[in-house]
Amino acid sequence: MKQYFKVDEWRIIEEGFNPHFNKVAESVFSLGNGRMGGRANFEEAYSGETLQGNYVAGVYYPDKTRVGWWKNGYPEYFAKVLNAANWIGIDISLNGEQLDLAKCKVLNFRRELNMKEGYLKRNFRAVTVSGKEVEVESIRFNSLVDDETGAISYSIRPINFGGYIKLTPFIDGDVVNKDANYDEKFWDEVSKHTWSDGGVLQMRTKKTGFEVATGMKYHISIDGEPEHIEAEPVIREKYIGTEIRMEIKQGQRVTICKYAANLSSQNHPADELMALTQALLDSVCHKGFDTMLAEQAIAWAEKWKQNDIIIEGDAAAQQGIRFNIFQLNQTYTGEDDRLNIGPKGFTGEKYGGSTYWDTEAYCVPFYLATAEQKVSRNLLLYRYKQLGKAIENAKLLGFKDGAALYPMVTMDGTECHNEWEITFEEIHRNGAIAYAIFNYIRYTGDEDYLADYGLEVLIAISRFWSQRVNWSAEREKYVMLGVTGPNEYENNVNNNWYTNTIAVWCLKYTLEVIEKVKASDLTKYSELKYRIDFNEDTETARFKDIISKMYFPYDANLQIYLQQDNYLDKEQTLVKDLPATERPLVQKWSWDRILRSPFIKQADVLQGLYFFEDEYDTDTIRRNYDFYEPRTVHESSLSPCVHSIIAAKLGDIERAYQFYLRTSRLDIDDYNNDTEDGCHITSMAGTWMSVVQGFGGMRVKDGMLSFDPLLPVEWKSLEFQIGFRGTLLSVKVTGEGVSIKNASSQDITVKLHGKDVLIKANAE
Ligand code: BGC
């Protein structure tokens with residue numbers, strides 16, 4: 001654990017310039033607004049270690065998969081979120097010498113991410129090779145209000161010299177993806193246009209044909225007074241810039257406010273992009289930087305009202321949770337059901353920006369409680385709209401009759417993972433998609449969703465499970481062979497307990513929903529049956545048979561569920577006996593060694609016990625936790641949060657706290673040595689769950705919220721906000737007890753430590 005950034009309740013602060021840590025800082029300080037986002041690269045040139053990243057939501061490229069020997073069923077391509085045109089760039093030349101921090105002596109360097117108001121600020125002094133000293137301050141944000149725009153205010157002041165300064169704000173579309181499979185460039189230029197104070201560059205993606213116009217417009221001022229300076233355009237392929245030359249006296253401050261816009265053909269007609277970008281730039285430029293920044297603060301204050309978690313007495317824990325909430329809100333706003341949440345959001349390329357089971361298993365609960373209902377509904381609709389492709393995907397693998405296998409990795413519904421051995425067989429993702437429907441209905445009570453969309457998805461998923469199992473004559477049970485469970489450190493195993501469990505649960509839930517929809521809207525049910533050719537009698541009979549005869553690996557001696565057949569054949573060593581120098585295993589051990597070892601990457605059996613806790617008594621959960629946790633290396637960011645919630649449920653508040661710290665400060669402290677690739681956005685929702693479901697003990701049962709809070713000793717108090725069926729509750733836990741405020745106009749009864757409590761509208 002590194003503790004590189006300063007602890008502060010509302011800000012992430014970096015003091016001092018540390019080039020070795022720059023890529024980590026670029027990830028942590030990333031900015032986004034749901035539509036576009038990017039890493040915290042510098043505006044001025046930087047020839048040191050950096051990972052450049054600007055992304056436009058939903059714009060991707062199908063990069064041909066790289067494999068050794070091709071086999072039937074491999075996905076054709078691995079989708080990549082595209083590194084898009086760099087809109088933040090401002091080259092600085094000081095009497096002909098380029099400002100580049102990699103070549104300067106850097107003093108008083110400070111970067112600060114203000115999470116309360118949603119902007120990034122950077123200050124430094126730099127002394128160039130020839131001895132020129134300048135002072136710089138930049139403030140940048142991606143606007144939540146005008147969500148296709150971003151703005152930068154960049155000031156520079158010569159400290160020990162006067163003379164010519166040249167500023168070149170630019171848009172550079174000649175960018176590459178570091179993770180390109182064949183070192184290809186993914187963008188072609190369509191057109192470009194510059195004018196006296198800006199320009200627009202329009203690019204088109206190869207294969208997918210998305211067009212994105214990226215434009216800029218700027219204002220210059222000297223010592224606060226607007227200046228009009230003639231600029232000269234610089235134009236080359238995939239690049240537009242304008243050179244602004246001026247003579248500056250020693251001590252004068254020149255400020256450039258650069259406004260940028262990114263408009264995509266997903267949202268506007270391609271042939272209007274240029275004009276629309278120009279019009280949008282005119283409008284934000286007219287608004288001005290200060291007004292935009294003030295609006296940004298108001299928009300973030302609105303978000304924090306529904307989202308904030310306040311931890312008193314532990315600034316590191318406070319900073320951690322706010323960072324997670326901030327990043328989640330930067331990544332996904334729920335306005336558009338074509339978008340989803342990539343594991344790295346807008347903070348890096350890894351995982352290709354695609355949708356994983358992370359969304360359903362981890363993110364849906366966060367958005368259910370902290371955003372309007374339509375946000376989580378849109379996440380569900382995203383999968384509903386891709387049902388056709390999930391059926392196609394299953395067909396390609398030999399399934400039939402409307403069975404659906406949702407992809408493990410996708411942009412548009414097509415499977416597009418890059419790693420056959422692991423990802424292909426992680427069919428458990430189908431279960432998470434069904435579970436999210438259950439979770440959504442349980443939380444919102446929006447049962448109409450089932451008749452309109454949910455049941456169709458559930459039947460298709462259940463059809464898949466019913467074809468994926470096979471009858472074992474030897475065991476006289478149904479078995480599920482050749483799968484990978486959530487623990488990716490075991491591949492191609494038989495009878496992964498979690499997968500068998502969630503499959504059976506899906507079948508049961510589908511039967512339950514069939515009855516519900518039949519009772520609530522028989523006409524819709526009949527229409528659906530007809531449309532998808534569902535033979536209720538035979539198909540439900542098969543579902544029931546599997547439910548009653550499924551095999552679940554269990555060890556009677558230890559009284560635990562076995563992660564998969566023969567798990568106990570492995571040499572049973574524990575994580576505590578692993579030398580620190582051998583961790584993380586994924587970086588230090590061969591894959592062969594990992595697969596043979598008992599070590600578990602992330603919650604697997606425990607993921608199932610977490611999802612279906614009501615079906616197991618506390619002793620069972622404890623025995624499994626005590627057995628599996630010591631074997632778990634938590635090398636997936638999705639792991640500590642589930643362990644934290646279970647530890648809290650079992651009353652082990654200290655362990656729960658340790659896991660919480662690890663999950664919430666995973667990126668800030670670069671726990672897994674991989675934050676430089678980007679932040680672990682989807683697991684941030686898990687961090688939220690570990691506070692609200694873990695320490696807050698929040699559950700929803702029978703349409704009612706319940707709380708069973710516990711407070712770590714390190715904390716004076718914990719307060720979290722929950723939106724539930726039209727109410728907005730603020731739950732505060734202190735050493736003395738629990739108080740709940742209801743800021744809505746609707747009364748609500750909740751369970752607190754098992755007892756019903758009425759919380760009056762607008763009252764405590
Ligand atoms: C985890 C998967 C997860 C993926 C994307 C992997 O490391 O093992 O469960 O879906 O990352 O976050």
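Helices (H or I, at least four residues) and strands (E, at least two) are DSSP runs, numbered from the N terminus. This is a predicted model, in which local features need pLDDT of at least 70 and side-chain atom pairs count only at pLDDT 80 or more, while totals for chains, interfaces and linings use all residues. Residues are numbered from 1 along each chain as its sequence is written, and side-chain values use heavy atoms, with hydrogens and water left out.

**Ligand site**

- For Y351, the distance from a side-chain N or O atom to a ligand oxygen is 3.3 Å.
- Of the 310 Å² of accessible area that the ligand has on its own, the protein covers 94% (Shrake-Rupley method, 1.4 Å probe; for residues, only the protein chains shown count as cover).

**Annotated domains**

- An unreviewed UniProt entry assigns "domain: Glycoside hydrolase family 65 N-terminal" to residues 13-265; UniProt positions follow the numbering used here, feature names are shortened, and annotations may be inferred rather than shown by experiment.
- Residues 13-265 are 3% helix and 54% strand, with 37 Å between the end C-alpha atoms.
- I13 belongs to strand β1 (residues 11-15) and is buried at 5% relative accessibility (buried means under 20% relative accessible area, exposed over 50%, partly exposed in between, with a 1.4 Å probe and protein chains only).
- From I13 to E335 the C-alpha distance is 31 Å, at a sequence separation of 322 residues.
- UniProt, again in an unreviewed entry, places "domain: Glycoside hydrolase family 65 C-terminal" at residues 698-757.
- Residues 698-757 are 0% helix and 60% strand, and their end C-alpha atoms are 14 Å apart.

**Aromatic pairs**

- The structure has 55 aromatic pairs; rings of Phe, Tyr and Trp (its six-membered ring) pair if their centres lie within 6.5 Å, and planes under 30 degrees apart count as stacked, over 60 as edge-to-face and the rest as tilted.
- Y4 and F5 form an edge-to-face pair, because their planes meet at 70°, with ring centres 4.9 Å apart.
- Y4 is buried at a relative accessible area of 15%, and F5 is buried at 3%.
- Y440 and Y449 are likewise edge-to-face, with centres 5.4 Å apart and planes at 65°; Y440 is buried at 0% relative accessibility and Y449 at 2%.
- One aromatic cluster is formed by Y435, F438, Y498, W505, Y509, Y610, F611 and F612.

**Backbone features**

- Between R583 and P584 the peptide bond is cis, with omega near -10°.
- P584 sits in the loop between β25 (560-561) and α14 (585-588).
- N495, a residue other than glycine, has a positive phi near 55°.
- N495 lies in the loop between β23 (477-479) and α11 (497-520) and is buried at 0% relative accessibility.
- Q559, also not a glycine, has a positive phi of about 55°.
- Q559 is placed in the loop between β24 (554-555) and β25, and is partly exposed with a relative accessible area of 36%.

Notes. A polar contact is a pair of N or O atoms within 3.5 Å; within protein, one must be able to donate a hydrogen and the other to accept it, and residues adjacent in sequence count only if both atoms are side-chain atoms.
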